[in-house]
There are 2 protein chains.
Amino acid sequence: MPVGTAGTVKAVHQREHAGDIGAQIILGNTYHLYLRPGLQVLQQAGGLHKFNGWQHPILTDSGGYQIFSLAAQRKLTEEGATFKSHIDGSSHFFSPENVMDTQRIIGADIIMALDECTPYPCEYAYAKNSMHMTHRWLDRCVSRFRSTEPLYNYSQELFPIVQGSVYKDLREQSAEYIASRNCFGNAIGGLSVGEPAEEMYAMTEVVTNILPADKPRYLMGVGTPVNILESIALGIDMFDCVMPTRNARHGLLFTRNGIINIRNEKWKNDFSPIEEESPLFSDTQYSKAYLRHLLVCNEFLAAQIASLHNLGLYLWLVKESRRRIQDGSFMEWKNKMVPRLSQRL
Amino acid sequence: MPVGTAGTVKAVHQREHAGDIGAQIILGNTYHLYLRPGLQVLQQAGGLHKFNGWQHPILTDSGGYQIFSLAAQRKLTEEGATFKSHIDGSSHFFSPENVMDTQRIIGADIIMALDECTPYPCEYAYAKNSMHMTHRWLDRCVSRFRSTEPLYNYSQELFPIVQGSVYKDLREQSAEYIASRNCFGNAIGGLSVGEPAEEMYAMTEVVTNILPADKPRYLMGVGTPVNILESIALGIDMFDCVMPTRNARHGLLFTRNGIINIRNEKWKNDFSPIEEESPLFSDTQYSKAYLRHLLVCNEFLAAQIASLHNLGLYLWLVKESRRRIQDGSFMEWKNKMVPRLSQRL
């Protein structure tokens with residue numbers, strides 16, 4: 001899922017997402033959308049799909065993560081989270097109940113439960129208490145979710161989130177609890193927060209062994225192309241990450257053959273296409289030298305081309321993974337791709 | 001001509017230009033392209049078309065205007081102009097001869113003569129002396145142009161530029177001189193530099209009465225939608241202006257029904273399309289409220305949508321003008337459109 005924080009995946013038109021990249025779903029951030037344009041505008045628009053012109057599914061996070069990464073003066077209690085807007089300092093309160101209502105109003109197709117995403121490293125005792133609070137919050141989310149109706153005449157579904165930091169027993173306990181809530185799909189949170197990749201994979205494996213395989217399993221906030229392939233190998237079905245778009249804006253390109261820092265002098269006279277093997281119009285119409293020039297000149301088109309490129313690569317990776325899982329060649333292909341994808345060009 | 005200063009019309013993909021907006025030609029700024037990416041890169045790329053992926057004509061200015069509006073420590077002599085780069089302070093020299101060579105290397109289809117664009121207001125004596133120097137420079141340009149060959153296997157043509165400030169006799173004298181050089185097309189410079197619109201129209205009329213009607217007449221740096229229509233009525237065939245793209249980035253939209261400042265609170269809950277009558281995908285897919293939200297959040301997509309919109313409107317204006325000139329309804333339509341286009345919505 002390309003990340004469309006404020007209702008837009010930065011620098012990418014909706015028709016490019018749907019038509020060129022082939023994205024099936026995008027993510028919106030509840031924290032940002034709640035602050036701007038705000039629920040009044042979104043409700044009057046008829047939900048985010050109508051507001052931003054994206055006609056395919058949208059998943060929204062609960063806003064919890066942004067409260068802890070962006071907002072000022074946040075305070076967490078059993079009741080919920082109080083915080084001040086990073087934009088104008090105004091005070092707000094998110095609870096398990098009101099984030100259900102908020103995400104319904106935003107018009108998400110997939111609504112995420114409010115959780116506490118523990119940092120890394122995290123003491124065992126803190127992780128355990130936090131996990132239990134996340135579970136209690138989940139029950140409040142489920143209760144509110146089930147007692148309210150979808151808006152705008154389409155279905156809305158709830159995903160709960162497994163926590164438990166890097167502790168196997170907590171992850172197992174949390175995965176059992178989350179699975180028992182019998183929701184439409186299930187998510188794994190609290191990973192990709194600074195822990196070594198090996199710990200992330202280990203926890204993912206613990207959890208995917210428990211979460212039902214016939215429902216989507218969503219690993220939140222992951223990751224590099226290699227992280228994506230390794231996690232697919234562990235049974236993950238859905239991802240979101242700002243990495244493809246954020247890195248694109250800084251000139252870091254992920255390609256089928258490795259990683260390119262397009263600011264590097266070595267691309268100055270490289271007039272070969274950005275990525276020859278890509279079917280994306282912008283990957284073959286523009287050269288590396290041109291993209292480098294645009295980035296050096298701080299031109300809008302640099303972010304546009306690079307974001308399209310990285311998203312195109314990510315979407316190609318997951319599409320190719322699906323195909324190869326079906327024909328039985330995924331593991332062989334994954335093991336061949338991992339060293340290629342991670343080398344620096 | 002959309003203005004593509006550094007080899008990119010800001011925030012617009014080449015396929016959007018050619019396919020969605022229907023631009024037939026774009027402009028590049030010699031001053032900027034000479035500094036970045038520089039002639040070595042452009043020559044090695046095989047010219048700007050190959051470099052930026054634009055397969056239709058490109059016109060480049062001579063760089064003279066930017067030397068006086070952007071560069072530091074410029075000095076003008078009969079020989080040419082010395083200046084320091086606004087980017088790194090390095091020293092450079094442009095002469096009538098070397099700007100011909102530079103534009104050939106850039107790969108322009110239409111090359112502009114080096115001129116001095118007089119400011120407004122301008123003393124008669126200064127305007128007269130400057131005009132004569134511009135004419136002498138033109139002779140040097142023509143001489144160099146005719147003694148050198150087109151590069152990259154396509155034709156390159158030279159346009160001279162009429163000067164003379166707001167003085168009728170100078171404009172007449174200059175137009176006679178420029179017409180006598182018998183170039184492929186002819187341009188009018190030194191207007192749209194702060195003079196009242198009525199003076200601009202008056203000078204344009206003086207000049208178009210002299211410049212041959214069977215060759216393109218190009219009014220440089222003009223203007224608002226109304227300026228464009230009024231100048232077409234006076235016999236102008238070509239325009240360039242940063243106004244549609246620069247104003248777009250600040251949230252000022254030109255529409256068939258008037259001017260919109262999309263930052264205005266009144267558009268906050270206006271979910272109607274940006275411009276219903278427009279065939280442009282972005283004008284009908286996105287709403288005014290969404291564009292306002294994007295602009296308030298300083299999102300890339302705001303510049304993308306607004307730039308497409310304004311360019312689309314400009315290209316529609318000139319396309320519609322061509323059609324109505326052919327069917328004889330131009331003047332009636334122009335007189336109906338002028339008050340509509342200039343009202344504030």
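How many residues of chain A are in contact with chain B, and how many residues of chain B take part? In this predicted model, 42 residues of chain A are in contact with 42 residues of chain B. The two chains bury about 3800 Å² between them, and 57% of this area lies on carbon and sulfur atoms. On the side of chain A, A:H13, A:R15 and A:F300 lose the most area to chain B, together accounting for 19% of what that side buries.

Polar interactions were also examined across the interface of chain A and chain B, where 18 residue pairs are in polar contact, both residues having pLDDT 80 or more. The side of chain A that touches chain B draws at least two residues from each of helix 1 (14-21), helix 2 (30-45), helix 3 (48-52), helix 11 (281-285), helix 12 (288-296) and helix 13 (300-327) of chain A. By residue class, this side of chain A comprises 20 nonpolar, 14 polar and 8 charged residues. Across the same interface of chain A and chain B, 4 salt bridges are found. A salt bridge joins A:K10 to B:E299, with the closest N and O atoms 2.7 Å apart.

A search of the whole structure for cavities of 30 Å³ or more returned 1. The largest cavity has a volume of about 30 Å³ and is lined by A:G64, A:I67, A:F68, A:L76, A:A81, A:L114, A:D115, A:E116 and A:W137. Helix 4 (residues 64-69) of chain A gives the most to this lining, with 3 residues. The lining of the largest cavity divides into 6 nonpolar, 1 polar and 2 charged residues.

Definitions and conventions. Residues are numbered from 1 along each chain as its sequence is written. Chains are lettered from A and ligands numbered from 1 in the order in which they are written. This is a predicted model: local features need pLDDT of at least 70, side-chain atom pairs count only at pLDDT 80 or more; totals for chains, interfaces and linings use all residues. Side-chain values use heavy atoms; hydrogens and water are left out. On a 1 Å grid over the protein atoms alone, a cavity is a set of points where a 1.4 Å probe fits but cannot get out, and a pocket is an open set with protein on both sides within 12 Å along at least five of seven lines; lining residues have an atom within 4 Å of a point. Grid points are joined across faces, edges and corners, and a volume is the space filled by probe spheres set on the points. Helices (H or I, at least four residues) and strands (E, at least two) are DSSP runs, numbered from the N terminus. Ala, Val, Leu, Ile, Met, Phe, Trp, Tyr, Cys and Pro count as nonpolar, Asp, Glu, Lys and Arg as charged, and the others, Gly among them, as polar. Contact means heavy atoms within 4.5 Å. Buried area is the accessible area (1.4 Å probe) that two parts lose on being put together, summed over both. A salt bridge is a side-chain nitrogen of Lys or Arg within 4 Å of a carboxyl oxygen of Asp or Glu. A polar contact is a pair of N or O atoms within 3.5 Å; within protein, one must be able to donate a hydrogen and the other to accept it, and residues adjacent in sequence count only if both atoms are side-chain atoms.
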